[in-house]
Amino acid sequence: MNESCTITFHRVDATIARISSLYIMLSIVAFFYTSFTWILYLLIIDFLLRLYVNKQFSPVYNLAVFTKKILRLEKELVDGGAKRLAAYFGLTFTALLALASFFS
């Protein structure tokens, strides 16, 4: 298996990515359970911050870093290209959910 992405050559911590995915999934489940659309709007803002500004400003990223520190989990570096693509898909999916919720 290839150790780095041939497009970005950028490595990220897979542990933080997995914890972030857990929090995003729990937020989507909370939206389905409560139908509070502000949850989706917060996730969209989080994805936009992570993708276009700086991931250090993302609340979900900071929560994942804090969780990793509290649980004393180890760092596992993987290529960042796939994680970035997944964030684009997450942004698109969340925006479509928000749009569908807006139009009922």
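Visitor: At the start of helix 1, which backbone nitrogen does a side-chain oxygen of Asp 13 reach?

Guide: That of Thr 15, to within 3.1 Å. A polar contact is a pair of N or O atoms within 3.5 Å; within protein, one must be able to donate a hydrogen and the other to accept it, and residues adjacent in sequence count only if both atoms are side-chain atoms. Ground rules: this is a predicted model, where local features need pLDDT of at least 70 and side-chain atom pairs 80 or more, while totals for chains, interfaces and linings use all residues. Residues are numbered from 1 along each chain as its sequence is written, and side-chain values use heavy atoms, leaving out hydrogens and water.

Visitor: Which residues of helix 1 are buried?

Guide: Residues three or four places apart in an α-helix point the same way, because there are 3.6 residues a turn. Buried means under 20% relative accessible area, exposed over 50%, partly exposed in between (1.4 Å probe, protein chains only). In helix 1 the buried ones include Ile 16, Ile 19, Ser 20, Ile 24, Ile 28 and Phe 31. The buried residues pack against several elements, among them helix 2 (37–53) and helix 4 (80–102).

Visitor: And what follows helix 1?

Guide: Ser 35, with a positive phi near 65°.

Visitor: Is Phe 102 buried or exposed?

Guide: Exposed, because its relative accessibility is 58%. Phe 102 sits in helix 4.

Conventions
Helix = DSSP H or I, 4+ residues; strand = E, 2+ residues; numbered from the N terminus. Contact = heavy atoms within 4.5 Å.
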